[in-house]
Amino acid sequence: MPLDLVNMLSWWQWLILAAAPPAIIALYFLKLKRRPLEVPSTYLWRRSIEDLHVNTIWQRLRRNLLLFLQLLLLLLIMLAVLRPGVKGARLVGNRFVFLIDNSASMQATDLGEPRLEAAKQAARETIERMQPGDVAMVVSFSEIAEVEQEFTSNRRQLIESVAQIAPSARATSLREAIKLASGLANPGRSANDDTDVQVAEPKPATLYIFSDGRFADPAARLGNLEPVYRPIGADAASNVGIAVLNVRRNESRPDQSQAFARLENYSQAVAEVALELWLDGEMIDAARFQIPPGESQGFQRDLGPVQAGRLRLAITKAEFLHEDGGRCDDQLAVDNEAWAAVRKNRPANLLLVTPGCEAIRLALTTELAGQLANVTIESPEVLDKDGDYARQAASGAYDLIIYDRCRPREMPHANTFFVGALPPISVRLPPDREAGEPEKVDLWRAGPEVAGPRIIDIDAAHPLTGWLDLDDVLIAKARPLEVPAGGTVLIDSHLGPLMAVAPRGGLEDLVLAFSFLEEETGDDGAVRRFAATNWPIRTSFPVFMLNLLHYFGGGQAGLDTLSVQPGRQVSLQSPAAGEPLQVIAPSGRKVALPVGDLGRASFGETDELGVYEVRSRGAAVDFFSVNLFDPAESNIAVRQQIQLGHVPVEGRTAGWQSARRELWKACLLAGLGILLLEWWVYSRRVSV
Amino acid sequence: MPSQTSAADLLSAELLAKLERMELVSRKIFRGRMKGERRSRRKGQSVEFADFRNYVPGDDLRFIDWNTYARLDRLFLKMFMEEEDLHFYALIDTSPSMDFGQPTKFHYARQLAAALGFIGLVRGDRVKVLPIGESPRRAAPVLRGRHQLWRMLEYLNGLEPGGTVALAEAAKGFCLQNSGKGILVLITDLMDKSGYEAALRYLLAQDFDIYLIHLLSAEEYEPAVQGDLRLIDCEDGDVAEVTVTAPLLKRYKQTLHAFIEGARDFCSRRGILYFPARNDLPVDRLISGYLRERGLVR
């Protein structure tokens, strides 16, 4: 680096300065006045001095050390006056925001070390180039953005806060981070609403983004933030990851379950993958595939009879065969493992609301039905009261509610079976309806009552009506259904559909067009009850009721446990309202969760990957798993250009420009040091 | 007559009482001129039997052990311990360099000479205390017997530091005047720029049993000086300009140590017993402790 000097003094000032060294030398020779002292003999002193004179140059130097130090001090002052400088680098601007990506893809090791470490190193290098007086803040971002360090000019503090950023397994959203940064950089604008008007003079700032660019380009407004993008990572990256893992009931054999997984190869090379499937710490399967570049590979495995357990699928080895014959290993470990919890069947919670129907009650109190469901029986009066029913129906505490000849005021958060009644669901008609049409119409409608419909068709493929033989069933009267869009007719008669099922959100409503028991008030005012059908005394009826319990009950509630992405909220349901839940994380960490009135709780500490267990009163009641399952994170190839709003930002390897670095302060500091040294030498030779 | 105070200055009553029980020890066998009180290592005529030896022609027939002859038919001579007196010389360096320290090295040397001389006097030895350096105004007396103590003290009190005679010259003069038998204690600081080795060689040539007490002041061991100094030699007026720094002081101490070690080495090679001494150590402790340990007195 060439030294660049600027003359700050005129010639006569230099003359004065140049006179100082001879003056010091003259004073030095003048000042020495020795004190006479009589001694017994100079014999030993002379010999001591002679010994010291052996290395005369050093001695002379030593004797004149003070002189040299004074001359050096003067020289440094003269150099400082010359205002020396060297060509250095400085950052553009004087306010900086450092955004450091700590999402899952930043754990890729394509640079030899995790990308996050490389990003932190790059941020440190940038911070070290800050000038005194520059201020900066540090923000780490993944799906959420966190301020690690507020605006400060303390570089040590900034570097420490950068060092403290920990990797996460979350997805990436730059939008959050930019909103936060622009809110903090421009104090007039709130961080939450970018349509907010500015009330204070905004200060421009430079926004350094240390990331691999694996995020959806945000549509955020930058305001007066000047973006600088430092791509972190190698261009060609090799990764194969698990994109999906779930457990399903075998379609053809409902008592069996199957695990499904999909593996994606995100690299430009053929991947050789070895896969292991573990259930509760026991390996149950292993497989080996070759996945062509950019393609995916499915994996299926029968798990046998439904059983509880924790399923773990792991890529134990992934090797990429490049076209040039080179091989490399998988560079992102976080997507090489996936978990799923297999849930044991639990008895369904079933509510029967009936004015009294022996047929249904008998069918639900068999031994097998008792294993499949806990049955509660209420009379229709509860539907009009604000009691336990209303709260539990809304909270989803029931798996199935059977409304026998009655209907609730509003639909519960449960699957329903309406017997001789219609679900109270109405849909709003579009505004361009014809005049005279009502604003709302019922979704489920029934035609006029007909007598003696004959069953002509049964949907034998549907689980509810499988294995049924209804040839010998007679029906006195029914109101054939008008099945809503998306619904399925299960039992059809020559006069219209008699049973149909239709989805409602994630739930289903089953409607039977006739009831088992009819009531008739005679002329004498007495209420007479008679059977409206002989179905309850046919063998097909208990079969249907078992189908009903299997379909809506615990059979369906099991197996399909929830899988969420890291950092996302999970909504949990307590089996009893007000009973607190406990969540056990994969690491064994226990979190107590208070539960609201409706028995619901929200859990957000899902940063660890793996299976979480939900406990109530010490017993496991539910499981959920946290998996990455994010193609945006698994695809770790670095983007060299990102788009922020409408601004394309090219990646840059260095975020600074060349600038002159002044050295006069260093000169003066060195001078001060020499002054202290001189004082020390002086006091040392006097005091000894 | 010296005053009582000046005599008490040199030797206190307590010290005298201690010294009375001591005697000077010679490592060599000397023939004294008179019978003394001391049992010499020489065999001779006394009543104390020492040894036998074979008879050779010319031996005194009176000492033949006739009883042994009768038993063994061979002639043996009986030998007896000889008792004799001892010549004791104390040489005090009176060069100006001895006039330093608190008390001065010269005073300390006189105290030491007086104490050793007193031991000799008490034991009936022949004691001579004399200065080296300038020739004394009075010839040093030869003393014998306890009653001569006051003469010795008077003479010592009369001595003054001064004169710049080289150590070698002074030793040569001493050797010419005194015969080379007996114990010689030389009390000096050895601060002679022409060297002390020649002086010691003269004395050695006379076959003295030499004890060298190398006396230095505490200020010479640990100089309490600092700053830029012009050091003036009190003997020859030589000037040395020094800037006292920690390295210089360290070097001075190394030189002093080498000087002492050099003297010790020179002496031990030649059979001279060497005692370093410093003026802040009381004389009685030096004699009753150090010199006794090393065998000059017992």
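A:Phe299 is buried, with a relative accessible area of 10%; buried means under 20% (1.4 Å probe, protein chains only). This is a predicted model, where local features need pLDDT of at least 70 and side-chain atom pairs count only at pLDDT 80 or more, while totals for chains, interfaces and linings use all residues. Residues are numbered from 1 along each chain as its sequence is written, chains are lettered from A in the order written, and side-chain values use heavy atoms, without hydrogens and water.

Over all chains there are 28 aromatic pairs. Rings of Phe, Tyr and Trp (its six-membered ring) pair if their centres lie within 6.5 Å; planes over 60 degrees apart count as edge-to-face. A:Phe289 and A:Phe299 have ring centres 6.2 Å apart and planes at 75°, so they are edge-to-face. A:Phe289 sits in strand E12 (residues 282–291) and A:Phe299 in strand E13 (residues 296–305), so the pair ties together parts 10 residues apart in sequence. A:Phe289 is buried too, at 15%.

Two arginines lie over ring faces. The rule wants CZ of Arg within 6 Å of the ring centre and within 35 degrees of the ring normal.

| Arginine | Ring | Distance from ring centre |
|---|---|---|
| A:Arg639 | A:Phe215 | 5.5 Å |
| B:Arg270 | B:Phe266 | 3.8 Å |

The second largest cavity holds about 30 Å³ of space. Its lining includes B:Leu91, B:Ile132 and B:Leu203. Lining residues have an atom within 4 Å of a point on a 1 Å grid where a 1.4 Å probe fits but cannot get out. The lining has 8 nonpolar residues, no polar and no charged.

How values were computed. On a 1 Å grid over the protein atoms alone, a cavity is a set of points where a 1.4 Å probe fits but cannot get out, and a pocket is an open set with protein on both sides within 12 Å along at least five of seven lines; lining residues have an atom within 4 Å of a point. Grid points are joined across faces, edges and corners, and a volume is the space filled by probe spheres set on the points. Ala, Val, Leu, Ile, Met, Phe, Trp, Tyr, Cys and Pro count as nonpolar, Asp, Glu, Lys and Arg as charged, and the others, Gly among them, as polar. Rings of Phe, Tyr and Trp (its six-membered ring) pair if their centres lie within 6.5 Å; planes under 30 degrees apart count as stacked, over 60 as edge-to-face and the rest as tilted. Helices (H or I, at least four residues) and strands (E, at least two) are DSSP runs, numbered from the N terminus. Buried means under 20% relative accessible area, exposed over 50%, partly exposed in between (1.4 Å probe, protein chains only).
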